[in-house]
Amino acid sequence: MNIEDICNLLNWWNENYTMIADFNLTEKEFLGSKENRKCRFCGRSEPDVKFRKIAHAIPESIENINLFSNYECDECNKKFGDTIESDFSNYLFPGRIASCILGKKGTITYKFNDNNRIDVQNGKWNITTDNTVKLIEEIDDHTLQFNIKRQPYIPINVYKALVKMALTVMPEEEIVNFEDTIKWLQHDNISVEDCFGQTVISRFFPGIEKFPFIKASLFKRKNDTDITPAYQFLLCFSNYYFQIVVPCFKKDIHLDGKTFSFRVFPTPLDYLETQKSGGLLNFSSHTRICNEDAPIQMHFERKEMSINSGTES
C-alpha cells in the first residue's frame, strides 16, 4: 500500500465515519461501573445473576490482560467462553503458534502425534520431531512455513466472537441499537444477521514488525442514508488484523440487497514494505470445520529454533 492509497483511505474514513471507541490495551481498565450492575447480554441484574468472575472485554487467549468488563454476568461469561470464544481461539490456533501468542497459560503446544510437536514458551519454538512430518519448513534464509491444522471451529461463531467484542466496547448510549444483535449472539439458529459474517477483512503481517499492543476500535457511520454499514469494528494484535461489520438491522435495513462500501482501515504497518496477506473472509457458515490446513509463512531477519530429534515429549 503506497502513501497515496493510505491517504485516500484515511480521507474516506474521515468523511464517512466517526470513531466512537478506541482502546490501546496497555494499562488496566474496566468498562462500566461496579454499582447496580446489569448484564449487557442477558439483561439481568443481581441477585438474579452473579458478577464474581473477571470478564475480559477482549479474549485472554490473544493475551488481553488489561481490558475488562463490569457488565457481563458469570453465566454469559461462561456461555460465551465455552462457545463462540472457544471457536475464535480454535480458529486462531495456528497463528497463535506461529506468532507465539501464549494466552493465559503462558505456553502453547501443537501436537501432531506423540513424536511430533511444537512447544512455545518465552517467545521461542521448541520442536520435537521424528522427521516423518514437516511441522516447520525452511522456505528460504528468512522464511519459515508452519504447517499446522486448525482446531475444530464453527465459522459463524468466529464472527460472533468478534461482534461480541465490539458490543462489549460499545458506548452505553449506542447499545440501544443492538437489541436484535444481542439476541442473535445468544442463539445458534440461522438468522438474517449471519449475512454480515460474509464481510470480514482479515490481514496478516508476516514479519518481525508487529502491532505493539492489542488495539480495539469502533466506528459509527456519519450519515445514516449512506450505503455503507452503520458500525464497523477493528481489532489488531500481534501480526493480525480483523475488521468486521457489526450487524445493526435497526440502522442498516436500507442495505438489504445492495452492494455497500467496505474499505480497509490503514494501520502504521501499512507504511512498511512488508509483504502482507489476507482478504475478505466468509464466516457465515454454521457447519463445524475440522482438520483444516492453515499453513503460515513468517519472515525474519534471523531464525532461532531448538529441534529435538526422536520421540521426546
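User: Is Cys7 buried, partly exposed or exposed?
Analyst: Buried means under 20% relative accessible area and exposed means over 50%, with partly exposed in between (1.4 Å probe, protein chains only). Cys7 has 36% relative accessibility, so this residue counts as partly exposed.

User: Before we go on, what kind of model is this, and which pLDDT do side-chain atom pairs need?
Analyst: Residues are numbered from 1 along each chain as its sequence is written, and side-chain values use heavy atoms, with hydrogens and water left out. This is a predicted model in which totals for chains, interfaces and linings use all residues, local features need pLDDT of at least 70, and side-chain atom pairs count only at pLDDT 80 or more.

User: Thanks! In which helix is Cys7 found?
Analyst: Helices and strands here are DSSP runs, numbered from the N terminus (H or I with at least four residues for helices, E with at least two for strands). Cys7 and Pro266 are 259 residues apart along the chain, with 8.8 Å between their C-alpha atoms. The element that holds Cys7 covers residues 3–16 and is helix α1.

User: How many disulfides are there?
Analyst: A disulfide is a covalent bond between the sulfur atoms of two cysteines. The rule here asks for a pair of cysteine sulfur atoms within 2.5 Å. By this rule, the count of disulfides is zero.

User: And how far from Cys100 is the nearest cysteine sulfur?
Analyst: Cys100 is in no disulfide, and the nearest cysteine sulfur belongs to Cys236, at 19 Å.

User: Let's turn to the rings. How many aromatic pairs does the structure hold?
Analyst: Rings of Phe, Tyr and Trp (its six-membered ring) pair if their centres lie within 6.5 Å; planes under 30 degrees apart count as stacked, over 60 as edge-to-face and the rest as tilted. Counted this way, the number of aromatic pairs is 21.

User: What is the geometry of the pair formed by Tyr91 and Tyr153?
Analyst: The ring centres of Tyr91 and Tyr153 are 5.1 Å apart, with 70 degrees between the planes. Tyr91 is in helix α3 (residues 84–98) and Tyr153 is in the loop between β9 (143–146) and α4 (155–169), so distant parts of the chain, 62 residues apart, are linked. Tyr91 and Tyr153 are both buried. The geometry of this pair is edge-to-face.

User: Which parts does the pair of Phe204 and Tyr240 tie together?
Analyst: Phe204 and Tyr240 form a tilted pair, 5.1 Å centre to centre with 40 degrees between the planes. Phe204 is buried at 11% relative accessibility, and Tyr240 is buried at 8%. The two residues are 36 apart in sequence, so the pair ties together strand β10 (residues 200–204) and strand β13 (residues 240–245).

User: Which charged residue sits over the ring of Tyr91?
Analyst: A charge sits over a ring if NZ of Lys or CZ of Arg is within 6 Å of the ring centre and within 35 degrees of the ring normal. Arg40 lies over the face of Tyr71, 4.0 Å from the ring centre. Over Tyr91, at 4.0 Å from the ring centre, sits the charged end of Arg150.

User: How many bridges join β6 to β7?
Analyst: Strand β5 (residues 107–113) pairs antiparallel with strand β6 (residues 116–121) over six bridges, and a hairpin of two residues joins them. Between β6 and strand β7 (residues 124–129), also antiparallel, Arg117 stands opposite Thr128. The number of bridges joining β6 to β7 is five.

User: Last one: which helices do the buried residues of α5 pack against?
Analyst: In helix α5 (residues 179–186), the buried residues include Thr181, Ile182 and Trp184. With contact taken as heavy atoms within 4.5 Å, the buried residues of α5 pack against α2 (74–82), α3 and α4.

Conventions. Pairing = 2+ DSSP bridges.
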